[in-house]
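Trainee: I would like to learn how to read a model of this kind. Can we take it feature by feature?

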Amino acid sequence: MPLARIIKAVPVLALWLAVLGGGLLGYAPAAQASTSCSASMSNVSFGSVSPFGGNIDVTATINYSCSITSILSSSKVRACFGIGSGAQGGGALDPRVMTSGVNSLGFNLYKSAARTDIWGSRSNAYGGVEVTLELGALIGSTTQTGSLTVYARVPSGQLTAVPASDYSNSFSGVHTELVYQYNEFLLGLLPTPASCTSGGNGGSSGTFPFTASATVTASCDPVFTIDGIDFGTRGLLASNFDAVAVIHPRCTNTTPYQLGLNDGLYASGSLRRMKSTAGAYVGYQLYRDSGRSQRWGNTQNVDTVAGSGSGSAQNVQVYGRVAPQATPAAGSYTDTVTVTIYY
């Protein structure tokens, strides 16, 4: 009888071992661990932008973290960060644009400080940026963090940009994407997922919304060109001698401005004068009109010339005249007049 009891006991013992063994073989890492990732990004703030300055370069930061809550589990993660054209971008990536009403301002986002490799997403040819992580916890949870730098630029030379304080583009919803895959494991060693969207035993996605903004300031190029007035070589100053010069102001698109001329170095009252090295003078005058009846002075809204910028250099004519007068001694006569642009 004891022998029979032993024989009968063997299947019981074997069955108990099979149940334990089946529990080990059927272990599902997802039931013992949970991997999740998230990210946030600072805004891309260009501040004041002048079309007549150089490139405006700034940076922004993507901060990301991946966590695992587990019992003796580890996880390998591959995460990708993609950026689209933005809600106001109209689908454009080269360049991206910020808008203010119907006006636009070009800019872009790059993967490196050289600002040559555009930061895109997996849905376009430029591609995003990916990172890999490995994390694990004996009991409880652990988190691994990191950051990525986004390099941004508003290129110079956008001369038709209209001054406005609210150029912006909102990158929310589908316009940013964090997508990741992970491999969670308890025993052994599993590889990092082949991509951010395939491989591994789990994955998910998220967003990291931000806003790009800039202010285009009303401005005029301080280094505009001016053609001098040459009255030529004359004998007796017994008749009018006329000449024309051109001022080439360059102001931001739609920016109102006024051009003023001072009285020069040697004026006598309202009469401008040129002077020779011998100390003699020739009187002359500068006018706003071709009829030479409107003296050009330096008092805004009174005797200046008004205009509106286009972003490009413009041509504003100065009408000069040497009127009949007593002819001084022969010589070379000159004067220097300062042009002031008010805007």
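This is a predicted model: local features need pLDDT of at least 70, side-chain atom pairs count only at pLDDT 80 or more; totals for chains, interfaces and linings use all residues.

Trainee: How many helices and strands does the protein chain have?

Mentor: The protein chain has two helices and 18 strands.

Trainee: How does the radius of gyration of the protein chain stand against the globule rule?

Mentor: The radius is read against the value the rule gives for the number of residues. For 343 residues the rule gives 20 Å, and the protein chain comes out at 38 Å, well over that, so it is more spread out than a compact globule. The C-alpha trace spans about 150 × 35 × 30 Å along its principal axes.

Trainee: What share of the residues counts as buried?

Mentor: Buried means under 20% relative accessible area. In the protein chain, 39% of the 343 residues count as buried.

Trainee: Which part of the contacts joins residues at least 24 apart?

Mentor: Take the contacts in the protein chain between residues at least 6 apart in sequence: 75% of them join residues at least 24 apart.

Trainee: Now the spaces. What is the volume of the largest pocket, and which residues are closest to its centre?

Mentor: A pocket is an open set of grid points, whereas a cavity is one from which the probe cannot get out. The largest pocket has a volume of about 710 Å³. It is lined by 33 residues, and Ile229, Phe231, Met274, Tyr333 and Thr334 are the closest to its centre. Strands β12 (241–248), β15 (281–287) and β17 (316–322) each give at least two residues to this lining. By class, the lining of the largest pocket holds 20 nonpolar, nine polar and four charged residues.

Trainee: And how many cavities of 30 Å³ or more are found?

Mentor: The search of the whole structure finds one. The largest cavity holds about 50 Å³ of space. Its lining has 13 residues, with Val49, Ser50, Pro51, Pro155 and Gln158 closest to the centre. Eight residues of that lining are nonpolar, five are polar and none is charged.

Trainee: Let us turn to a single residue. Is alanine 137 buried or exposed?

Mentor: Alanine 137 counts as buried because its relative accessibility is 12%, under the 20% cut-off. Alanine 137 lies in strand β6 (residues 129–154). Beyond its neighbours within four places in sequence, alanine 137 is in contact with Ile68, Ser70, Ile71, Leu72, Ser73 and Thr142.

Trainee: What should I look for in the backbone angles?

Mentor: Most residues other than glycine have a negative phi, and most peptide bonds are trans.

Trainee: Which form does the peptide bond from aspartate 94 to proline 95 take, cis or trans?

Mentor: That bond is cis, with omega near 5°. Proline 95 sits in the loop between β3 (56–83) and β4 (96–100).

Trainee: What is the phi of arginine 115, and what is that of threonine 254?

Mentor: Arginine 115 has a positive phi near 55°, and threonine 254 has a positive phi near 75°. Arginine 115 is in the loop between β5 (103–110) and β6, and it is buried, with a relative accessible area of 11%. Threonine 254 is in the loop between β12 and β13 (256–261), and it counts as partly exposed at 45% relative accessibility.

Notes:
Residues are numbered from 1 along each chain as its sequence is written. Side-chain values use heavy atoms; hydrogens and water are left out. On a 1 Å grid over the protein atoms alone, a cavity is a set of points where a 1.4 Å probe fits but cannot get out, and a pocket is an open set with protein on both sides within 12 Å along at least five of seven lines; lining residues have an atom within 4 Å of a point. Grid points are joined across faces, edges and corners, and a volume is the space filled by probe spheres set on the points. Ala, Val, Leu, Ile, Met, Phe, Trp, Tyr, Cys and Pro count as nonpolar, Asp, Glu, Lys and Arg as charged, and the others, Gly among them, as polar. Helices (H or I, at least four residues) and strands (E, at least two) are DSSP runs, numbered from the N terminus. The radius of gyration is taken over C-alpha atoms; the globule rule is 2.2 Å times the number of residues to the power 0.38. Buried means under 20% relative accessible area, exposed over 50%, partly exposed in between (1.4 Å probe, protein chains only). Contact means heavy atoms within 4.5 Å.
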